[in-house]
Amino acid sequence: MHPLRRKRLMLIIYIMLIIAIVVGLILYALRQNINLFYTPTQIINNEAPKGVNIRVGGLVEVGSFKRESDSLKSEFSVTDTEESIVISYEGILPDLFREGQGIVAKGQLTPENRFIADEVLAKHDENYMPPEVKEALEAKGYWQHDQQSQSTY
Amino acid sequence: MSVYQAIKHWWHKLGSPVHFYHFAGRHLKWTSLLALLCYFTGLTWGLAFAPADYQQGNSFRIIYLHVPAAALSMGVYVSMAICCAIGLIWKMKLTFMVARSLAVIGAVFTALALFTGSVWGKPTWGTWWVWDARLTSELILLFLYLGFISLSEALPDRDTANKASGILAIVGVVNIPIIHYSVVWWQSLHQGSTIFKFAKPSIATEMLWPLLIMMLAFSLLAVSYVFLNTRTQILKQRIKRL
């Protein structure tokens with residue numbers, strides 16, 4: 001390679017390396033701000049601020065969902081399989097909301113670690129399959145809900 | 001003549017605008033026809049014949065536009081930056097023309113990915129937009145494309161414009177791994193990768209095939225557009241010189 005071209009190539013690689021390091025450090029410093037939500041474990045460990053708007057994410061615990069019969073008020077707990085936290089919400093839940101599903105709720109934390117949500121969003125996973133395949137997997141016992149949705153919160 | 005020399009000869013010839021003009025003109029016809037065929041096959045198969053998803057039902061079908069647009073928005077950016085790097089190192093004018101063509105089609109793909117993602121997010125997640133790491137970094141990609149296009153058009157001197165926009169393109173490459181790994185590094189609403197990971201794609205085969213055809217369709221569209229637009233740029237430059 002021509003020495004001048006080699007010099008320009010090295011300069012470009014050098015610039016890219018510096019930029020990558022700078023951006024990497026900035027993102028590392030801001031990591032908690034980039035995370036969209038806190039996990040229940042972080043909340044139990046008091047890592048989340050109370051009384052300000054935050055988001056919490058996790059799986060809706062199976063058997064925890066309760067709805068009042070005469071209003072849109074509902075209550076359920078979300079878990080990251082280690083800790084869990086109770087969320088109360090008034091409003092319409094997204095179509096994909098169900099027990100075992102990953103969700104992200106926006107709202108405020110009360111001093112006794114209850115979460116009052118004003119918005120609930122559903123996560124979905126990266127697995128796509130026809131309903132018959134899912135039924136076949138379930139019938140053969142290959143479908144483990146916990147394992148399937150581990151990656152979704 | 002050895003194989004190495006043959007490749008070198010072909011590459012050098014391709015670097016000349018006149019030769020590229022004829023090369024692109026010869027191949028434009030079949031790339032665009034094949035792109036059209038792939039779009040037709042992929043969309044019909046994906047929208048009408050592929051089975052519905054067990055969880056999302058029919059709304060998952062927007063994947064056939066969203067995933068190829070998003071994947072190609074990143075692929076096109078990397079190609080654009082490589083073109084700029086070659087142009088800066090070897091002082092080739094043609095690669096900058098190719099980069100400018102890539103920027104336009106890349107910006108269109110990014111906008112399409114953001115739009116289809118938003119339309120998909122409303123029924124499944126429950127929101128059009130959230131300042132999630134994946135969504136935000138893809139939006140930054142759109143701004144990088146628009147910045148590149150404006151910068152390369154704004155400066156009156158061609159060489160200065162090429163240099164400035166080329167450096168912007170190269171610096172912006174740092175955003176590409178951030179987009180890809182945003183769902184791994186941070187907690188996000190967007191789910192993880194279905195196809196681009198070191199594991200078996202987590203999508204049923206009969207859903208995967210039309211998706212792969214759509215990716216081919218988007219790639220061929222990008223190639224066809226680059227051929228067409230670069231030819232136009234070569235002609236424009238000729239006219240200017242007259």
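The questions below go through the labels used for this model and the values behind them.

This is a predicted model, in which local features need pLDDT of at least 70, side-chain atom pairs count only at pLDDT 80 or more, and totals for chains, interfaces and linings use all residues. Residues are numbered from 1 along each chain as its sequence is written, while chains are lettered from A and ligands numbered from 1 in the order in which they are written.

Q: Why is B:Leu211 called buried?
A: A residue is buried if 20 or more other C-beta atoms lie within 10 Å of its own, exposed if 12 or fewer, and partly exposed in between; the C-beta atoms are placed from the backbone. B:Leu211 has 22 other C-beta atoms within 10 Å, so the label is buried. B:Leu211 sits in helix 8 (residues 205-241) of chain B.

Q: What is B:Leu211 in contact with, leaving aside its neighbours within four places in sequence?
A: Contact means that two C-beta atoms, placed from the backbone, lie within 7 Å. On that rule the partners of B:Leu211, beyond those neighbours, are B:Gly46, B:Ile63, B:Tyr64 and B:Val67. B:Val67 is 144 residues from B:Leu211 in sequence, yet their C-alpha atoms are 8.0 Å apart.

Q: What makes B:Val104 partly exposed?
A: B:Val104 has 16 C-beta neighbours inside 10 Å, so it counts as partly exposed. Its place is in helix 4 (residues 93-124) of chain B. Leaving aside neighbours within four places in sequence, B:Val104 is in contact with B:Ile149 and B:Asn229.

Q: What counts as a helix or a strand, and how many of each does chain A have?
A: Helices (H or I, at least four residues) and strands (E, at least two) are DSSP runs, numbered from the N terminus. Chain A comes to five helices and six strands. Along the sequence, the pattern is α-α-α-β-β-β-β-β-β-α-α.

Q: Why is helix 1 of chain A said to lie largely in the open?
A: Of its 27 residues, the number buried is zero, so helix 1 of chain A lies largely in the open. Helix 4 of chain A is also said to lie largely in the open, because zero of its 10 residues are buried. Over the 153 residues of chain A, 25% count as buried.

Q: How does chain A stand against a compact globule of 153 residues?
A: The radius of gyration is taken over C-alpha atoms, and the globule rule is 2.2 Å times the number of residues to the power 0.38. A compact globule of 153 residues would come out near 15 Å, but chain A has 22 Å. The C-alpha trace of chain A spans about 80 × 45 × 25 Å along its principal axes.

Q: What makes strand 3 and strand 4 of chain A a pair?
A: Two strands pair if DSSP finds at least two bridges between them. Strand 3 (residues 73-79) and strand 4 (residues 84-90) of chain A are joined by seven bridges and run antiparallel. One facing couple is A:Thr79 and A:Ser84. These two strands of chain A form a hairpin with four residues between them.

Q: Which way do strand 4 and strand 6 of chain A run, parallel or antiparallel?
A: They run parallel, with three bridges joining them. In strand 6 of chain A, A:Ala117 is the bridge partner of A:Tyr89.
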